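Welcome, and please load the model in your viewer. We will go from one selection to the next and look at what is there.

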Amino acid sequence: SDGAEPTFSILPEGPDYSSPSCPGAIPFTPEVIHSAALEVTLRVPTNATGFRIGTNFFTREYPVYICSPFNDVFAILMENEDGTWTNLARDSEGNVISVNNALLEVCRSGAFGGREFECPYGTADLVGTGFDFECGRLATRDIPGGATGWVCTDSPIQPGSIIKLRFAIWDSADQYITSLALLDGFAWLP
């Protein structure tokens, strides 16, 4: 060993990270900046046919950077048998988890970026998280950020198999403004 740390590309070939809900927007850039990932290899119990994990995505990009190339993304990637990867973290419209996804429901309602956000959960769940107010050198507005709230992702799996999952978050096109993803409640589904 030469003492170098092992590395891998945070974005494996295959998954599409674009946001269909932003037609006509400035094209999404796959440039990854300030990435973080957790990769785990798990042996599936012989009585499990799936798994569930809870996630909560917070972003300061709401509402200014909706449908822009400056888009933080959160992904739950699962390696397929052929070595390709599938992103399990998408909304019902096929959008990746970012400021552009339909799951963003913890926010201040309004029309931003050509889209209407109803924000049925308001901003109460942002209080005390750091996503409830703007501070720092980019403090230009008093609108709080947004979050998805807790979302359960279920995925079928082959009992007794070995699976590889990669939980990843990254900035796209810039290194400013931040997002956060919380993971909780991983469970095998019988």
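Two strands pair if DSSP finds at least two bridges between them; strands themselves (E, at least two residues) are DSSP runs, numbered from the N terminus. This is a predicted model, in which local features need pLDDT of at least 70 and side-chain atom pairs count only at pLDDT 80 or more, while totals for chains, interfaces and linings use all residues. Residues are numbered from 1 along each chain as its sequence is written, and side-chain values use heavy atoms, with hydrogens and water left out.

Start by colouring by pLDDT, the predictor's confidence in each residue, from 0 to 100. The protein chain averages 83, and 78% of the residues score at least 70.

Now select strand 2 (residues 50-59), where confidence is highest, at a mean of 97. Of its 10 residues, 9 are buried (under 20% relative accessible area with a 1.4 Å probe, protein chains only; exposed is over 50%, partly exposed in between).

- Strand 8 (residues 151-156) pairs with strand 2 in the antiparallel sense over 6 bridges; look for Phe 51 opposite Ser 155.
- Strand 10 (residues 179-189) is also antiparallel to strand 2, over 9 bridges, and Thr 59 has Ser 179 as its bridge partner there.
- Strand 7 joins strand 2 through 2 antiparallel bridges, with Gly 146 opposite Thr 59.

Finally, show the cysteines. Which two form a disulfide? Cys 107 and Cys 119 do, with sulfur atoms 1.9 Å apart (the cut-off is within 2.5 Å). Both Cys 107 and Cys 119 are buried. Their S-S torsion is about -95°, so the disulfide is left-handed. Cys 152, by contrast, counts as exposed because its relative accessibility is 56%.

Conventions
Helices (H or I, at least four residues) and strands (E, at least two) are DSSP runs, numbered from the N terminus.
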